[in-house]
Each structure stands twice: as C-alpha cells, then as structure tokens.
Amino acid sequence: MIGLQIHEKKIIFSILLAFVFVTVLFASQTQKGSQKNIKYFYRISKFPTLYPDSTLVRFDIAIPYNDLVFIASDSVYKTGVKFNLFVTDKEYNAVFEKNWRKKVEADNYPETQSETTFCRFDTKSVFLSGKYKIILEAIDENIGISEFTELQVKIPDQSKKKAVLGDLLIYPEKHDFSVENYENFTPQSGNTCRTDFTLLSIIYLRQPIENLKTEAIWWGKNREIRQDSVWCKQDGNFLILYRPYSIRDVPQGLSSVQFRVSGKEMKKTASEIQLEVIKQVDYSDEESIDDAIEQMVYIGEGAAWDSLRNADTLAEKKKWFNRFWQEYSPASDSLKNPVEEEYFRRVRFAIRQFDEGDIGWRTDRGKTYILYGPPNDIQKSMDSMMRNMEIWVYNNIEKQFLFVDVTGSGTYRLMRVYD
C-alpha cells in the first residue's frame with residue numbers, strides 16, 4: 001500500500017465532500033421533474049399447496065420514494081404510481097392480471113428522497129404446473145415513463161415428492177410465528193438486512209416423516225460459517241419453518257442461507273436465499289469502534305486522530321471519534337454526517353467486492369475505491385506477461401490507477417498512478 005501525505009488526505013476529504021454535494025444536487029434536479037425511468041424491487045415467491053400439480057405464487061412489489069418524481073403542490077409534494085402485473089401461459093393465453101394505482105404525498109423534500117419508505121403492492125394466486133411468462137410494468141404518473149420487466153417462471157409438478165418446501169423469505173424484525181400469523185406481515189422485497197430479521201419457509205408433508213430434521217446452514221466464501229436449529233409450527237400437513245436473528249449475532253457481508261429438511265426414507269430438500277447483512281456501527285461496544293478506527297487509517301490525521309488512536313476507554317474513543325468526524329461535517333447542526341456515512345459505505349462495498357485473500361478494505365483496489373469512490377471507467381486487458389490488469393480512470397482528479405494480478409490468483413496490486 002502506498003502511504004498518504006497530510007496534504008493528500010485533505011484532498012481526499014475534499015473529494016468526499018464534492019461527492020456528497022453532487023449526489024444531493026442530482027437529487028434536487030430530479031425533484032424538479034427531470035425524466036428518469038422508475039425503479040422498483042420485486043419478489044416472486046412460491047409456496048406449496050394441498051394439490052401436487054399447483055403452487056401458490058405471491059408477488060411483492062416495493063417502490064422507494066426516491067425513485068418517483070415528486071412535484072410541489074401547495075404545502076406538499078405529490079406523485080402517483082401505477083403498477084401492472086400480467087401473466088400468460090406458454091401458449092400466451094392470459095391466466096392472471098392485477099393492476100394497482102396509488103397517489104402519494106410527502107410533507108417535506110427529505111421524505112421524497114427516502115430509500116426506506118415504500119409504495120408497496122402485493123397479491124397472490126394459485127398456478128398449475130407449467131411454464132409462465134410474467135410481465136411487470138411500473139409507471140410514474142408525473143412523467144409517464146414505464147419500466148418493464150419480463151421473466152419466465154416454471155411451476156414444477158411436485159406429485160412424486162413426499163415433502164414440498166417453499167421459497168425462503170426474509171421478514172423484517174424478529175417474530176415468533178408460533179403465536180404470530182406470518183400472513184399478517186409482508187416479506188422484504190430486497191435481500192439486504194440492516195436490522196433484526198426472521199427467515200421463513202413453509203413445507204407441506206404428503207405423509208408423516210419419521211425423524212424429521214430441520215436446520216439452517218449459512219455459507220460464505222464457499223465454506224460453512226454457521227449452523228442453527230429451525231423452529232417449527234404445525235398447521236395440519238403444513239409446517240411453518242422459521243428462525244429469528246439478531247443483526248448483532250450474524251456475520252456481516254454476503255451469505256447464502258439454506259433451510260434444510262431431511263428425514264427417514266426422505267430425500268433431503270432445501271430452500272436457499274442470498275442475503276447481505278450490513279451492520280450500522282453504533283459504537284456500543286469496543287470491538288465495533290476499534291474496527292472503525294482501523295478502517296479510518298487511510299484518512300487519519302490531526303489532533304483528534306492522535307487522541308482517538310491513543311484513547312484507552314470506550315468513552316474516550318467515542319468522544320474523539322465524534323470529534324474527528326465533526327471537523328469534516330458539511331452541516332455541524334445535523335445529526336447525520338454524510339461524509340462519514342459515505343466513507344463507511346465505501347468500506348462496506350470494498351469488503352464485499354475486493355475479497356482477495358485479505359479483507360477487502362485492506363486491498364489496493366479496496367483502498368483506492370474508499371479514497372476516490374467509483375471510477376468513471378475501468379479498462380480491463382492483459383500485459384505483456386499475460387497477466388490480468390485493470391486501469392481505473394478518474395476524470396474528476398485526472399488520475400489513472402494501474403492494477404495487475406501479479407500472481408494470477410486474483411490478487412491485484414497497484415503498480416502505477418498516472419496523472
């Protein structure tokens with residue numbers, strides 16, 4: 001890793017401030033009505049039914065406020081959204097259709113930029129086994145631009161299986177579905193977990209299974225990292241399988257999670273989901289704040305930084321941590337510091353994206369991403385020794401970074417910086 005001089009670190013903070021400013025400016029221009037395609041999240045979930053040749057399919061749609069164009073009207077911001085769902089069979093015969101329309105109002109501009117407040121739509125229907133084409137269409141009524149998604153879904157014939165396991169879903173917050181009805185709650189449309197959550201699946205047993213075993217297996221980086229018991233509630237021949245998790249207890253980053261079901265004379269069956277855990281650093285324990293301090297090494301300088309590194313108690317570390325970031329807050333009276341948030345967002349991205357045998361934020365590409373953000377362009381090729389190389393181009397600072405996979409193992413080293 002190449003070191004940073006003090007004046008270079010000041011430039012880095014200037015870039016971070018500029019990045020945050022440009023993001024806010026773009027949002028402001030969008031607010032005024034610039035045209036853009038509407039974006040949305042969707043989840044199509046399959047559940048077993050009493051009949052072997054059919055499956056219950058649930059459609060969940062979520063649209064963030066900040067993907068709609070709001071227009072100021074009197075003292076509020078207004079928009080409207082239409083969503084169309086259309087399903088055909090393989091002969092293109094219509095088998096299901098659902099349409100929604102919703103007017104949305106927001107009291108203030110920040111609310112219109114919210115990523116966590118959603119316009120939500122959901123519906124479900126039973127489909128016979130076969131292949132289907134699904135068309136989703138979202139329309140922002142203020143600009144009239146549609147966003148289409150077309151996909152194929154296969155509903156299998158489950159008649160030869162002793163047990164049919166449905167999809168694995170994520171529900172916000174911890175739930176005890178032995179006393180709560182899961183149908184009263186809406187599963188997440190996205191797979192990112194920032195707070196406590198519950199995983200749920202449903203299995204239909206066509207006949208009693210001896211020695212039935214249920215377990216949850218977590219995988220990360222091609223190895224098993226966690227194994228948990230799964231809780232069950234019986235409802236006739238259906239078993240509701242669920243497991244609540246505290247965000248503090250699960251591994252951070254991207255994981256594959258399986259609910260596995262096995263038993264005597266029964267073929268093992270599993271339902272799997274990819275989920276990403278992002279832990280918000282609240283510095284409630286010394287380990288969290290120590291990790292954050294270590295990740296700040298690229299930008300640490302000044303009296304507050306020196307005091308932070310030399311602090312012995314958790315209280316002292318919190319004090320000097322906050323003091324350090326206050327110096328770079330664009331709004332001193334705000335409870336949030338967008339520069340701090342952007343820095344640690346880049347750290348989390350580097351951990352996920354640049355796993356090269358070392359923790360992603362410690363790698364050369366990870367460090368460059370943290371300091372300068374996403375490049376304007378990445379040029380991939382091979383050098384004269386047939387080694388993979390990447391050139392990251394940054395137009396705003398007029399620099400290019402050359403990375404080379406020197407060992408052929410996927411470990412990229414920063415070889416040169418071009419001005």
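Visitor: What classes of residue are in the lining of the second largest cavity?
Guide: In this predicted model, that lining has nine nonpolar, no polar and no charged residues, where Ala, Val, Leu, Ile, Met, Phe, Trp, Tyr, Cys and Pro count as nonpolar, Asp, Glu, Lys and Arg as charged, and the others, Gly among them, as polar. Local features need pLDDT of at least 70 and side-chain atom pairs count only at pLDDT 80 or more, while totals for chains, interfaces and linings use all residues. Residues are numbered from 1 along each chain as its sequence is written, and side-chain values use heavy atoms, with hydrogens and water left out.

Visitor: Which residues line the second largest cavity?
Guide: The lining is made by Ile44, Val57, Phe59, Val87, Phe127, Tyr132, Ile134, Val153 and Ile155. Two or more of the lining residues come from each of strand S2 (54–64), S7 and S8, the strands being DSSP runs (E, at least two residues) and helices likewise (H or I, at least four), numbered from the N terminus.

Visitor: What counts as a cavity, and what as a pocket?
Guide: On a 1 Å grid over the protein atoms alone, a cavity is a set of points where a 1.4 Å probe fits but cannot get out, whereas a pocket is an open set with protein on both sides within 12 Å along at least five of seven lines; lining residues have an atom within 4 Å of a point. The second largest cavity has a volume of about 50 Å³, a volume being the space filled by probe spheres set on the points, which are joined across faces, edges and corners.

Visitor: How are S7 and S8 arranged?
Guide: S7 (residues 130–140) and S8 (residues 146–155) pair in the antiparallel sense over 10 bridges, and two strands pair if DSSP finds at least two bridges between them. They form a hairpin with five residues between them, and Gly144 in the turn has a positive phi of about 75°. S7 is also joined by nine bridges to strand S4 (residues 76–89), again running antiparallel.

Visitor: Which residues of H3 are buried?
Guide: Ile289, Ala292, Ile293 and Gln295 are buried, meaning under 20% relative accessible area, with exposed over 50% and partly exposed in between (1.4 Å probe, protein chains only). Seen down the axis of H3, these buried residues fall within an arc of 165°, so they line one face of the helix; the arc is that of the directions from the helix axis to the C-beta atoms.

Visitor: What covers them?
Guide: The cover includes helix H4 (303–310), helix H5 (314–326) and H6.

Visitor: One last topic: is Ile391 buried or exposed?
Guide: Ile391 is buried, with a relative accessible area of 16%, and is found in strand S20 (residues 388–394).

Technical notes: Contact = heavy atoms within 4.5 Å.
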